[in-house]
Amino acid sequence: TKPKILVTGGAGYIGSHCCKALAKAGREPVVYDDLSRGHADAVRWGPLVVGDMRDRALLEKTLAEHRIGAVIHFAALAYVGESVGAPEHYYDVNLGGMTALLEAVEAVGIDKIVFSSSCATYGTPDRLPISEDLPQAPINPYGRTKLVCEWMLQDAQVAHRLRFAALRYFNAAGADPEGEIGERHDPETHLIPLVLMAASGQAGPVKIFGTDYPTPDGTCIRDYIHVDDLARAHLLALDHLEAGGESVKLNLGTGRGASIHEVVAAVERVTGRKVPHELAPRRPGDPAELTADPSKAAEVLGFTARYRDLDEIVAHAAPWFGL
Ligand code: UFG
């Protein structure tokens, strides 16, 4: 049997979907999570170690005791708006967590890390779709912590034997197609859950942040990728590293964008409900359009998103909001 995988942040949204995918592939995930944002009841496919990412001693003990073979590192703070108001906290947790992880894996001799990076590391790109060779110039503290973490991995690779896959997610969306786990953020700030909450009456009208962007309908365009596709990409990245593959930095997106109006229309089509909404001013720090050039992940990992249709992504998310 193949070695166990440490999944930091495995109680969170993308992390829990990745654990399920690992288990389905016959791998055993060991979750390490402080439960500050994640949910213990989303940890169902292996043990849960409750701990802080900055606790190097506990990380090292967990890696050794469970005879971990590789790490998938999700655990981090991930709200752009919050990072603008509390940058020190973001640097502390996200960089402190990566520091402790790198020290711990080096101490026990683990040489493979799959890392959750973000399209936020590109900032406001001057070309679309975004390919991996575009300059990384993040425009908020959250994006900067993700970029510095990529640099830390790079430096650790030079100093030690480490190999890594930095996966730059576009907009994670949807939920487990089998309905076992879903997206539960508190507070919720992401568009698709907020639109579903407005449709079901669990929240007030959704605010559409900006209708004067230079896009066809004036609202922001994002590349929504199904969380199940993201989970599968992590398994492929892990296979790549376990097969001796070199370090890689890859975009994970579908290559197709949807506007906010298109998301609202998809929710109305799928749920048959009207979505109460209000036009609102722009949210600071939002680029008009972010879409991935997904060709490198296809080339290197053989990964392409299976869920190409926004309606299908919305249909999997909807039951989580009683729809
Ligand atoms: N939006 C609204 N109303 C809302 C919430 C969002 O109009 O109530 C808009 C946003 O302005 C944006 C789009 O919907 O144009 C998507 O917003 P999300 O907050 O769902 O997602 P973001 O694109 O802002 O953020 C995502 C990830 C971040 C990551 C970022 C990279 O959640 O972790 O992409 O830009 F950093």
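Arg168 sits in strand E6, which covers residues 163–169; helices (H or I, at least four residues) and strands (E, at least two) are DSSP runs, numbered from the N terminus. The model is a predicted one, so local features need pLDDT of at least 70 and side-chain atom pairs count only at pLDDT 80 or more, while totals for chains, interfaces and linings use all residues. Residue numbers start from 1 along each chain as its sequence is written.

Is Arg168 buried or exposed? Arg168 counts as buried because it has 25 C-beta neighbours inside 10 Å. The cut-offs are 20 or more other C-beta atoms within 10 Å for buried, 12 or fewer for exposed, and anything in between for partly exposed, with C-beta atoms placed from the backbone. Leaving aside neighbours within four places in sequence, Arg168 is in contact with Ser117, Ser118, Cys119, Thr121, Lys249, Leu250, Asn251 and Leu252, a contact being a pair of residues whose C-beta atoms, placed from the backbone, lie within 7 Å. Phe115 is 53 residues from Arg168 along the chain, and 8.6 Å separate their C-alpha atoms.

Gly302 is exposed, with 10 other C-beta atoms within 10 Å.

The C-alpha trace spans about 55 × 40 × 40 Å along its principal axes, and buried residues make up 50% of the 323 residues. Of the contacts between residues at least 6 apart in sequence, 78% join residues at least 24 apart.

The domain assignment, whose bounds come from an automatic or database source, gives domain 1 (4–173 + 225–252) and domain 2 (191–223 + 255–293 + 307–321). Their centres, taken over C-alpha atoms, are 26 Å apart. The contact between them takes 18 residues from domain 1 and 14 residues from domain 2. On the domain 1 side, helix H3 (80–85), strand E7 (171–173), strand E10 (224–226) and helix H7 (227–242) each supply at least two residues.

The largest nonpolar core has 104 residues, and those with the most contacts inside it are Leu167, Val195, Val263, Val267 and Val314. Such a core is a set of buried Ala, Val, Leu, Ile, Met, Phe, Trp, Tyr and Cys residues joined through C-beta atoms within 7 Å. Helix H7 gives the largest share of this core, 8 residues, and both domain 1 and domain 2 contribute at least three residues each. Beyond its neighbours within four places in sequence, Val267 is in contact with Val195, Leu196, Ala199, Val275 and Val314.

Which residues are closest to the ligand? Among the 21 residues that surround the ligand, the closest are Ala120, His190, Leu191, Phe209 and Cys220, where a residue is near if its C-beta atom, placed from the backbone, lies within 6 Å. Strand E8 provides the largest share of this shell, 4 residues. Domain 1 and domain 2 each give at least three residues to the shell.

Key: Two residues are in contact if their C-beta atoms, placed from the backbone, lie within 7 Å.
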